[in-house]
Amino acid sequence: MEKFESVNVFGDPLQECSANPVTGFFRDGCCNTNGEDLGSHTVCVEITEAFLEFSRTKGNDLSTPVEEFGFPGLHPGDRWCLCAARWLEAQQADMAPRVYLQRTHKLALEVVPMALLRQYAVDLN
């Protein structure tokens, strides 16, 4: 199945989220998605220690490397494509990391309202 249109929440071309570590459902550095991406890995964030701990308590340890999947483990300051529903869950628990709107896929808006994403935006002038 091919990628959906690579467009951000503003309707502009989606910018790269991170090449180091390489992120995205397709591991292409962008928060691209398609119908097979059941988690909707569409929200580009700046990882924080608080979010890593929150994610660990939810059963998703993002800080420990998993060599067999080429996953280096995340550190505060890394950018990463999060599942939209996980970001929203973290926001409701007051643990949400900041968001890069120009790097967040428009389909994140099916889960998270734009007004809420804007409150956490790193890249708004």
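Which residue in β3 is the bridge partner of Val 45? Val 99 takes that place in this predicted model. Local features require pLDDT of at least 70 and side-chain atom pairs pLDDT 80 or more, while totals for chains, interfaces and linings use all residues. Numbering runs from 1 along each chain as its sequence is written, and side-chain values use heavy atoms, without hydrogens and water.

View 1. Five bridges link β1 (41-46) to β2 in the antiparallel sense, and Cys 44 stands opposite Cys 81 in β2. β1 is also joined by two bridges to strand β3 (residues 98-99), again antiparallel. Strands are DSSP runs (E, at least two residues), as are helices (H or I, at least four); pairing requires at least two DSSP bridges.

**View 2. The largest nonpolar core.** Of its 26 residues, Val 43, Trp 87, Val 99 and Leu 117 touch the most other members. α2 gives the most to this core, with four residues. A core joins buried (under 20% relative accessible area, 1.4 Å probe, protein chains only) Ala, Val, Leu, Ile, Met, Phe, Trp, Tyr and Cys residues through side-chain atoms within 4.5 Å.

**View 3. Surroundings of Leu 117.** Beyond its neighbours within four places in sequence, Leu 117 has contacts (heavy atoms within 4.5 Å) that include Val 9, Val 43, Trp 87 and Val 99.

**View 4. The second core.** This separate core of five residues includes Cys 31, Cys 44, Cys 81 and Tyr 100.

Methods. Buried < 20%, exposed > 50% of the residue type's maximum accessible area, 1.4 Å probe, protein only.
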